[in-house]
Amino acid sequence: LLKWAQSADRFLDRPRENNDDIPPVQISSEFTKLLVHKVRTEESAIMVGTNTAIKDNPKLTARRWVGNNPVRVVVDRQLRIPAHYHLLDQTIPTIVYTEQNSSHKSNLHYIHINFAENPIGQIMDDLYKRNILSIIVEGGQLLLDAFIKAGVWDEARIETAPLWLGDGVKAPQLDGSVITSEKQDEIQILTIIPNNKQNR
């Protein structure tokens, strides 16, 4: 399940390349954030890439809804995420895919993969072996694009807010069909599936 929130002009965030202290722009409303946390309780795992982990320091929990927290998954090729960040706090089972060697800790598993050879495929294979059969990919742009390019997605949930940014991190593009559309707090929420799934 790919998930992102975008502005009306299809940006995920304002430009923040040179200043990690700038907070991400708030696109989702409080209510749509609640809905996202509900979805988190329904899936086995949740995943982000290195840049999102470093810039946003997310917890990736379902703290706004009653239910299980998903296993946290992060791609950190060079182990750049600071040790004091939420994703490495060992409070929730977390898997880090990296090309560096690092020792496992309680609730924190480092898995070595070859980033030169289909990293998305290696990650999906490893998660399957761990009986993790569903995953939410919440960003950032590079990770979402990698899943889309590899054709490894079954559904996308996209929030579009009546907000114009003019510049920033461009949202991914999908070749898919809308199967549901709703509006909450002036935010349009689309559920999209790949076009090739309609004929299955």
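**Pockets and backbone**

Author: The largest pocket holds about 1,500 Å³ of space. Two or more lining residues come from each of β1 (2-6), β2 (11-13), α1 (30-42), α2 (50-56), α3 and α4.

Reader: What counts as a pocket, and how is a volume defined?

Author: On a 1 Å grid over the protein atoms alone, a pocket is an open set of points where a 1.4 Å probe fits, with protein on both sides within 12 Å along at least five of seven lines; lining residues have an atom within 4 Å of a point. Points are joined across faces, edges and corners, and the volume is the space filled by probe spheres set on them.

Reader: What is the basis for the numbers and numbering?

Author: This is a predicted model, where local features need pLDDT of at least 70 and side-chain atom pairs count only at pLDDT 80 or more, while totals for chains, interfaces and linings use all residues. Residues are numbered from 1 along each chain as its sequence is written, and side-chain values use heavy atoms, with hydrogens and water left out.

Reader: How does the lining of the largest pocket divide into nonpolar, polar and charged?

Author: There are 20 nonpolar, 14 polar and 16 charged residues. Ala, Val, Leu, Ile, Met, Phe, Trp, Tyr, Cys and Pro count as nonpolar, Asp, Glu, Lys and Arg as charged, and the others, Gly among them, as polar.

Reader: And the second largest pocket, what volume does it have?

Author: About 320 Å³. Its lining has 18 residues, with M124, L133, S134, I135 and D154 nearest the centre. Helix α3 gives the largest share, three residues. By class, the lining has twelve nonpolar, two polar and four charged residues.

Reader: Backbone next. Which peptide bond is cis?

Author: The one from G139 to G140, with omega near 5 degrees. G140 sits in the loop between β7 (135-137) and α4 (141-150). Most peptide bonds are trans.

Reader: What about the phi of L79?

Author: Phi of L79 is near 55 degrees, a positive value in a non-glycine residue. L79 is in the loop between β4 (71-75) and β5 (94-98).

Reader: Why does L79 count as partly exposed?

Author: Because its relative accessibility is 28%; partly exposed lies between buried, under 20%, and exposed, over 50%, with a 1.4 Å probe and protein chains only.

Reader: Is D126 buried or exposed?

Author: D126 counts as buried because its relative accessibility is 16%. D126 belongs to helix α3 (residues 119-129).

Note on methods: Helix = DSSP H or I, 4+ residues; strand = E, 2+ residues; numbered from the N terminus.
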